[in-house]
Each structure stands twice: as structure tokens, then as C-alpha cells.
Protein chains: 2
Amino acid sequence: MTANTPTAKTDPRPVILTGDRPTGPLHLGHFVGSLKSRVALQDSHKQYVLLADTQAMTDNAHDPDKVRRNVLEVALDYLAVGIDPAKTTITVQSHLPALAELTLMYLNFVTVARLERNPTIKEEIQARGFGRDIPAGFLCYPASQAADITGFKAVLVPVGEDQAPLIEQTNEIVRRINHQVGRDVLPEAAALIPKHGRLPGVDGKAKMSKSLGNAIPLGASPEQIKEAVHRMYTDPNHLKVSDPGQVEGNVVFTYLDAFDPNVEEVTELKDHYRRGGLGDMVLKRRVEGILQEMLRPIRERREELAKDPGYVFEILRKGTAEARELTQQTLEEVRDALGMFSFPR
Amino acid sequence: MTANTPTAKTDPRPVILTGDRPTGPLHLGHFVGSLKSRVALQDSHKQYVLLADTQAMTDNAHDPDKVRRNVLEVALDYLAVGIDPAKTTITVQSHLPALAELTLMYLNFVTVARLERNPTIKEEIQARGFGRDIPAGFLCYPASQAADITGFKAVLVPVGEDQAPLIEQTNEIVRRINHQVGRDVLPEAAALIPKHGRLPGVDGKAKMSKSLGNAIPLGASPEQIKEAVHRMYTDPNHLKVSDPGQVEGNVVFTYLDAFDPNVEEVTELKDHYRRGGLGDMVLKRRVEGILQEMLRPIRERREELAKDPGYVFEILRKGTAEARELTQQTLEEVRDALGMFSFPR
């Protein structure tokens, strides 16, 4: 760690841990849900962003190649949207052995029954159709998340509302360990729930997702953007331009609310649409224009960066070296506090 | 690794992995069950002995101090019985991060249902009275054992018959990974079941165990040995010296079979005992004499070594450094074979 790198020790700013499973390039949903706020928070907070490739393996063990490739893709997305490696530490989970060691330790402080009761895990087991054939690593991933959060001594973790139980699970482990050692060796963390709701897919489904085919990737070409906006779900009963239309659940308006800086005009457009006389095409052209303008510089930066993967890997390498030192230090603190074996110094 | 250290790469001898959970000093049961054969195997095999303190945490998370203290105690036992650090690599599990990383990876290649079906785990869950409140780490420890065995690329693992399912579990993971990558990146391992059965406790219970209070520690004082032999379970119906006595299940004879070099005399003593006219005291004196003679040099070496823990830690440090390099190399081979992320070199 160089002298001018901000560290948890000397840096008074609250520590945030956030990150993504690198299973595909990021899209507009990530931009609205997390990336924008990361860019906003990176001055006021000491922010660590974890490329969670170890965690991605818990449900992608059959396809590690997909995970590997997407480490670079997601890193490109980060840098393209303005996450600044001089302010935010970007790091690769699989190269932080202390996190694996903390995970194994934490698994001893949580019961199987407790993991199975975790609502997030329950839902995801259902969503993935795992049943009893759930990989053990998947059941255990809350302990891995606890290792991530505590390894960085994060006190704030931006998560969707559905993931709040994972923070509670982390804090339970933290409290068990702090109680056992009789002092606060680890801090508890708070969930930072985003103000903006989730951006729906262009098809109107609640979740934008690459696998659902309803996503607009951050690196989308002008044609991809045009095509995606064209497919946007509006009001299926709004057949003629003169018909009154419904604004609620109309993806075009959701996107205008999310991205159009001119709130007043959007309000007028909504009224007009409700009254009738405003066609979907007009609105879609407006949405497309806004998205094209917003995504162009991101795409261009992304393309520029993609020409020099060595530069991107160097950023990851540097962030990972810093994170390696920090998480190793946490591991040693926890071990010492618990009274585990270490070689005499 | 220095040039003259035997390594798996250059050493043609078959690799053995063995070890103990450091939860108490070792006893005569360990001596008969494993330590003697480790001493015998260390010339013909490349032997790694693992002080499995990480695994000991899976059911001792409430008392890490016990585990920590016993790392040294068990190491003293190893050296005292003649495990030679110039031939055998003694290493501390908690200081081999690659094993933690392999464990997490392997958890993705085994289902929760499969772990729960493991007969060894089932029995131990019952024995420890865990029920549904089993620590997750305990359910997962077969993956940790798979990491140990494969991390050292061991092809032979000395285990009791009851532990053979754990080797099968390891091989299942190995086959899944080898199948996925299309070549044998990891070797399968075979269980090395000891010829000698288990030494019963002095009270006649099948298992000698510190917690059952029926064990003779390897460092036992002459008085402790005397007292333990005095308590030895014989034939409860053999009340008078002149009564015929039963040899089967009579711990004194089990110990004579195990430790008396004079097989002929032991056969005569058995016949005499069966006929009647041979008192328990005569036999116990004989057993005591043999044990005193056998354990004296072990105790003395142990006491001598205990005066210089720095020397013992240096042996562990050296063995752990060698093992660290080897297990890290295995981890990288498995990762590369699976196609996981690594920084460009």
C-alpha cells in the first residue's frame, strides 16, 4: 500500500462495500440501481467495489469461463460510468484469500437451519429451481457475504430491499463473535436501500435482466438502443393515437421518470397521454434520444478502455493488492481476538 | 522451498496426507491407530501431517483457545513418537489459505443433500447431539477434507473404516472437476485402512478418548500409567484367582496383544487365564511394565521438546511454508483448469 492510498486506518470516511457477480455485462438497471450512486458516493465515502467472482461460482460452477470473461466486462462498465479508481478501490474477490478464510470461520458461527431460513436464500433457491440439490456453496453464500462486508469493515452496504436479510445475517455473525470475545472486534453494517426503485425491463417485467432478454447493456450500440426502445412495453389498450392511454406500468413513462431531466415536460406529456392524442412513437423517440445521449459517452469510454485491457487489469491488480492487505489484517484481528493459533512473532 | 526439500514434483514416492484435529494431547489409541504407522511410512512415502485446527473449529468455535493450545501439544506428541520433520512435513491447516479457497470452490461441486447423506457426518451429528442446529461449517467439513487431500495431491489417506465415506466424497468432487475440465487435474485418493483395530479405552469402551476419561496420554506420568492400568477393565466374573477367566473383551489381554512383543508368552497367559489360577494383578503388572517402558522414552523426549517450544514452532513454520507453496500451486492448477479468473502474467 503506498503512502497516499486512502486506507481504513487513516481515512475518516465511512466504509462502503458494494459489488457485482460478474456473470454478464452491466445494464441500465444496474446504472439506476447502483452504479449512479457509487459515482455519487465515492467522494464522501471510502468505497470498495468487489468483483464477486467467487460468489458467482456458487451458481455458475458449470461455467467458470463465463465468470472469468465478465470480470473484465464489468470492470469496463465500472470505469465507463465514472467509478474512479483514484477514489474507489475496485477488487477481485477470488484473489482475496482472507475472505475465503473468514468465510470458513463464519460458517462455524451459523447453523444450517439458520441459513435455510434466510428469506433471500429461500427465494433464490426457488427462482433457480435448485430444490434439495442446491449446491452447498449456494446455501453458504451468506457467510461469504459476511466475510466480504466484515473483511473490509464496511458499515454501509447498498442493497435492494430484498437483500436486507443478508445484512442481518452478517450482523448476527458479528454479534456472536463480538459477544464471544467480549469486545467489538468487528463493526455491524447497515443496509443502504436505494431511493430509486428498480428499473423495469423494456418488456415491462419488474426486473431488467440479461437472461430475460429485456435489458439495455451499458455498452449497447445505437442500433441496440433503438431496437430496445422500439420494443418497449406501453399501454396495450392504447391502439389509436387519439385513445386515452395509461401512464402507470407504461415503461416509456417509467424511463422518462428515470432519465428525462425535464420533469415539467414529462408531467405535461403524461397528462396529454392520459387525455388521448399523444402517440407512443413520439414518446419512444424522446426516450430514445435521451438514452442515446446518455449512453454514447459511456459506450465510447467503454470502447476506448476495452482497447487496453492491460490498463484495466492494472487497476484491478492495484485495488486487489490494497484490499488483500486490508482483509488479511481483518482476518488476523479476528483470529487474534478469538484466540486462534498463530506463529509466535 | 530449498533445493534439497523433497517436493511432490521431484519426489517419486506416493503422497500420504494424514493429521489430527488438535483438540487434546494424543494418547495410546492414536499411537496404535495412526502414529506408529506414520513413523513406519515416512521413509517410503512423502508424508504430510496436518494439524487440522481449521477443521477443529467446526465443532469448537466456542473454545478456539483449546484448539490453539493443542497445536503445540499435538506437535510435541508427533515429534516425541518419532515422526521426523526431516522426512515428514508437519503443517498447520489454518495457515494454508489455499485450502480455504479450495474448500469454498468444492462446496459448489457438492449438494447440500449429498453432504447430509454422508454416513460419517450423520453419525457425528448424532454423537454430538447437533440436530438441526448443526453449525454450517460442520456440515461442510467433507469439502474441507477434500481440499486437504487434493491440495496435497495425496493418493493415500490413512483413515478408520468409519471414515472411508469421506474419501469417497472427496473422489466424487475430484471426478466432477476432472470430468468438467476434460482431464485429470486432480488425482483420486484411496483410503489406507489400518490393519490393527482400534485400541479400546481402559474401561473397555470401544473408543479411547480424552473426553471419556479412559485414555492414557502419550505424555502420561508413571503414576498416571499405573493408575490407568489399575482401572483396566478385565473379566467382571473373574472374582477369585482360581476362577476361570474370559480373555475376549478383557482389556488387559487386548493391550498385551497390542504391545507385548512376546506373543508366545501371551498365548500361554491366555490359556492359563481361561483355565483359572491366574490373577488380574499379575497381568496388570505385566501390562504396566510394558507401557512404562514404552512410554518412558516418549515422555522424556516430549518433556525435553516442551522446554523449547521455539524449536517446535520453527519445525511447524518450515513445514507450513513448504505446504503453503504446494497447496497454492494446486489451487492455481485447479483454477486454471476450470478457467477461472487470474491476472495476466
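## Salt bridge in chain B

Glu227(B) is partly exposed, with a relative accessible area of 43% (buried means under 20% relative accessible area, exposed over 50%, and partly exposed in between, with a 1.4 Å probe and protein chains only). Its partner in a salt bridge is Arg231(B), at 3.0 Å from N to O (a salt bridge being a side-chain nitrogen of Lys or Arg within 4 Å of a carboxyl oxygen of Asp or Glu). Arg231(B) likewise counts as partly exposed, at 39% relative accessibility.

The model is predicted, so local features need pLDDT of at least 70 and side-chain atom pairs count only at pLDDT 80 or more, whereas totals for chains, interfaces and linings use all residues. Residues are numbered from 1 along each chain as its sequence is written, chains are lettered from A and ligands numbered from 1 in the order in which they are written, and side-chain values use heavy atoms, with hydrogens and water left out.

## Salt bridges in chain A

Over all chains, the whole structure holds 48 salt bridges. One of them joins Glu333(A) to Lys153(A), with the closest N and O atoms 2.4 Å apart. Glu333(A) belongs to helix α14 (residues 309-338) of chain A and Lys153(A) to the loop between α8 (141-151) and β4 (156-158), so this pair ties together parts that are 180 residues apart in sequence (helices, H or I of at least four residues, and strands, E of at least two, are DSSP runs numbered from the N terminus). Glu333(A) is partly exposed at 28% relative accessibility, and Lys153(A) is partly exposed at 23%.

Lys270(A) and Asp257(A) form a further salt bridge, at 2.9 Å from N to O. Here the parts tied together are 13 residues apart in sequence, because Lys270(A) lies in helix α12 (residues 263-275) and Asp257(A) in helix α11 (residues 251-259) of chain A. Lys270(A) counts as buried at 18% relative accessibility, whereas Asp257(A) is partly exposed at 48%. Asp65(A), Arg68(A) and Arg69(A) are linked in a network of salt bridges.

## Backbone at Lys153

Most residues other than glycine have a negative phi. Lys153(A), although not a glycine, has a positive phi of about 50 degrees. In chain B, phi of Lys153(B) is also positive, near 50 degrees. Lys153(B) sits in the loop between α8 (141-151) and β4 (156-158) of chain B and is partly exposed, with a relative accessible area of 25%.

## Helix contact between the chains

Helix α4 (residues 97-107) of chain A and helix α4 (residues 97-106) of chain B have axes that come within 8 Å and cross at roughly 70 degrees (axes are lines fitted to C-alpha atoms, for helices over the stretch in contact, and angles run from 0 to 180 degrees between N-to-C directions). α4(A) is therefore roughly perpendicular to α4(B) (under 35 degrees is roughly parallel, over 145 roughly antiparallel, 65 to 115 roughly perpendicular and the rest oblique). The crossing is left-handed (the near helix is turned anticlockwise from the far one by less than a right angle; clockwise is right-handed).

Pro97(A), Ala100(A), Glu101(A), Thr103(A) and Leu104(A) of α4(A) make the contact with Pro97(B), Ala100(B), Glu101(B), Thr103(B) and Leu104(B) of α4(B) (contact means heavy atoms within 4.5 Å). These residues comprise 6 nonpolar, 2 polar and 2 charged (Ala, Val, Leu, Ile, Met, Phe, Trp, Tyr, Cys and Pro count as nonpolar, Asp, Glu, Lys and Arg as charged, and the others, Gly among them, as polar).

## Helix packing in chain A

Helix α3 (residues 64-81) and helix α13 (residues 280-306) of chain A pack at about 130 degrees, with their axes 8 Å apart. α3(A) and α13(A) are therefore oblique to each other, and their crossing is right-handed.
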